[in-house]
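User: Please take a close look at a single part of this model and describe it in one connected answer. Then relate that part to the rest of its chain.

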Amino acid sequence: MEFRRKDLLGIEDLEAGEISLILDTAASLKEISTRPIKKVPTLRGRTVVTLFYEPSTRTRMSFEIAAKRLSADTLNLTVAASSAIKGETLEDTAHNLEAMQPDLLVIRHPASGAPHFLAKRLKCGVINAGDGLHEHPTQALLDLLTVREAKGRLDDLKVAIIGDIAHSRVARSNIHAFIKMGSRVTVAGPATMLPPYLESLGVKVTNSLDEAVAEADVIMMLRLQLERMGQMFLSTLREYSTYFGLNTRHLALAKEDVIIMHPGPLNRGVEISPEVADGPHSVILEQVTNGVAVRMAVLLLLIGGEKG
Amino acid sequence: MSLLIQGGLVVDPGQDLEEPRDLLIEEGKIVALEPPGQIPPEGRRVISAQGLVVAPGLMDMHVHLREPGEEYKETIATGARAAVQGGFTAVVAMPNTRPVNDTAAITRFILDQAKAAGLARVYPVGAVSVGSQGQTLSEYGDLKAAGAVALSDDGHPVRHALLMRRALEYARTFDLPIISHCEDLDLRADGVMHEGRISLRLGLQGIPAAAEEVMVFRDIDLARLTGGRLHIAHVSTAGSVEIIRRAKAGGLKITAETAPHYFSLTDEAVLGFDTNAKVNPPLRTAADVAAIKAGLADGTLDAIACDHAPHSTLEKEVEFAAAAFGLIGLETSLGLSLKLVHDGVLTLSQLIARMSTHPARILGLPGGTLTPGSPADITIIDPNHTWQVDVSRFASKSRNCPFQGWPLKGRAMMSIMGGEVVWAGGEV
């Protein structure tokens, strides 16, 4: 199978075969990062621009390391949202970057659809590194790779995603991803954070953390964005943690070999207890390692795909 | 010279007429309406309307002409040109210009500009509150004396229930209707499209139907309390239709309008993040579309008004959340609305009532009928003319139209205002 796309904008657009191809490619590239000299010449002479309109350390670094391990040149531009408002438009910024002839543009933006907006207007490929509440496809791909390594498969798993589904692009991308690969997804959280019509995505919806994690193969905790406190979504952090924080008691309800995931950064003691985050079921750091491999795969396939 | 319109099918809901008639116009007024062949053509300019529909001039009771203040989007002249090209001989201009039309001087300015353009009649709407800030009542008496035909804080809905109560009462003093843009801004919050399956998938903040319905309910209750004249603008949800239907069944004298996009599009039009489908209230679901059609058919919704809202690429060629709400409609409204007739939702006469007779009646304006003695505002329509929407041919300055490329059946062939042919297209 060949990967014939100019852009990677979301998981919803991908077919299961394309997802498997990315994961297989990532798995084969992963070994590079274990070598003493962690670099191959595959993308030598290629240029990858990262354009971040939201603060991010791990995603931006992960893309940068991925590009460097493939010998691509990288250029990182972080735009404070405030200066973007008074400064040039997204379209102008993108055209200016494109005039420097990069091969790929990696964008994170607080507006859902911003990468799609650019993809329509630019000749170079666009990778969505998180758009608003919409999608974060490389996060879902690295999560899939992590689960596949741990479980040996991606179908017929029970996956629980817990927390603020309404505001989570990680949740949306993962819901599409796990369902496409043949697993079942249950989401749980307070009703303020579960948007209406969630069932239409093919998931089971519950307000009970116990119910969601029962017999789960995978538990994915979402980061609670603390600014939601002031926006009437929550009463207190204490209460949130009481009803929706994952602790060792919940592990007993899940499958014995359950894995615990979190996209980071953690709010220790809020959505996840330190015992669970650091315990034997946690694969949180494997997720970070796999992030580099998955992003290497995506860069390679998109640039390769362009040539084909 | 007098003008004779010959051979057309005259559809005038005001006098319950749908018969072949010839129409004689002198000095800007309709002077005779007779069975075919009875008015001698000699010495008169004759317009053949053979095979066409002759209707009272269409009136769009909800448009934004952007002048004064945002002339780069539209001017009164370009908006009036778009109106007559779409078959509208009169438009009702909302007050959210810059500055807001909250004083007699601005109302007079709008009327002067409209007169200079000499195309469609433009009826200004004054602001409910000073600057549409929702704080203090503007000068309704002076606004009316200058020519305002209604009051509205369209685009800046009245948040404060007591102010709305006082506005309905004070407007009653001067016999002016209040046109309410029903939207609870707190409930809308950061919403940019209808809250539903599509907003969930796109990760766009939703505007629930309830954000409209709670305000429809509030304003209807306040109309009941005050005896004020309430007209509800751009109804978009099944729930609103039902609330209005019940209020009318209870004998309350309120009126309501919807727009062509609310019976032509659903929230799926937003897929792909198309900012031309970003409008407020937002495009809703198929069930809402069905309810809007039913509301038009049974008379719950009295009027079709397009909420023509021109925006330039500066406001629309941006990220979806940053884009302005609104779409242009004057040049597609009739074609989209005629689909209701072709699909059997409305009779032709019912459609003309909702696009001409009722708006005139709601606002107490001349026109909306072809009775001898009325102003000679006339739209000649070919209901079967098929054409394709091409925004590059629009008279409007703006291009924010989600119907680009749509095939439509039916359009205006001629618009006559005050006895003058202000637009003629096709083979009339």
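Analyst: Two strands count as paired if DSSP finds at least two bridges between them. Helices (H or I, at least four residues) and strands (E, at least two) are taken as DSSP runs and numbered from the N terminus. This is a predicted model, in which local features need pLDDT of at least 70, side-chain atom pairs count only at pLDDT 80 or more, and totals for chains, interfaces and linings use all residues. Residues are numbered from 1 along each chain as its sequence is written, chains are lettered from A and ligands numbered from 1 in the order in which they are written, and side-chain values use heavy atoms, with hydrogens and water left out.

Strands of a sheet pair through backbone hydrogen bonds, and the sense is either parallel or antiparallel. S1(B) runs antiparallel to strand S2 (residues 17-26) of chain B, and eight bridges join the two. Within this pairing, Leu9(B) has Pro20(B) of S2(B) as its bridge partner. The two strands make a hairpin with four residues between them, and Asp16(B), in the turn, has a positive phi of about 55°.

Two further pairings of S1(B) are parallel. Four bridges connect S1(B) with strand S4 (residues 45-48) of chain B in the parallel sense, and there Ile5(B) is opposite Ile47(B). With strand S5 (residues 53-56) of chain B, S1(B) forms two bridges, again parallel; Val10(B) is opposite Val54(B) in that case.

Now the wider chain. Chain B contains 13 helices and 18 strands. An open sheet of eight strands in chain B has parallel pairing and the order S6-S7-S8-S9-S10-S13-S14-S15. Its edges are strand S6 (58-63) and strand S15 (303-304) of chain B, each of which pairs on one side only. Inside that order, strand S10 (residues 178-180) and strand S13 (residues 230-232) of chain B run parallel and share three bridges, with Ser180(B) opposite Ile232(B).

As for overall dimensions, the C-alpha trace of chain B spans about 65 × 45 × 45 Å along its principal axes. The radius of gyration is taken over C-alpha atoms, and the globule rule is 2.2 Å times the number of residues to the power 0.38. For 428 residues a compact globule would have a value near 22 Å, and the 21 Å of chain B agrees with this. Buried residues make up 62% of the 428 residues in chain B. Of the contacts (heavy atoms within 4.5 Å) with a separation of 6 or more in chain B, 74% come from residues 24 or more positions apart. Chain B exposes about 15,100 Å², with 50% supplied by carbon and sulfur atoms; accessible areas follow the Shrake-Rupley method with a 1.4 Å probe, and for residues only the protein chains shown count as cover.

Side-chain ring packing comes last. Rings of Phe, Tyr and Trp (its six-membered ring) pair if their centres lie within 6.5 Å, with planes under 30 degrees apart counted as stacked, over 60 as edge-to-face and the rest as tilted. Over all chains the structure holds four aromatic pairs. One of them joins Tyr140(B) and Tyr170(B), whose ring centres are 5.0 Å apart with planes at 45°, so this pair is tilted. It links distant parts of the chain, since Tyr140(B) sits in helix H3 (residues 140-146) and Tyr170(B) in helix H4 (residues 161-173) of chain B, 30 residues apart. Tyr140(B) is buried at a relative accessible area of 0%, whereas Tyr170(B), at 30%, counts as partly exposed. Phe403(B) and Trp406(B) have ring centres 4.8 Å apart and planes at 80°, so they are edge-to-face. Tyr140(B) and Tyr170(B) also form one aromatic cluster with Phe174(B).

A charge sits over a ring if NZ of Lys or CZ of Arg is within 6 Å of the ring centre and within 35 degrees of the ring normal. Lys278(B) lies over the face of Phe325(B), 4.7 Å from the ring centre, and Arg411(B) lies over the face of Trp387(B) at 4.3 Å.

Conventions
Buried means under 20% relative accessible area, exposed over 50%, partly exposed in between (1.4 Å probe, protein chains only).
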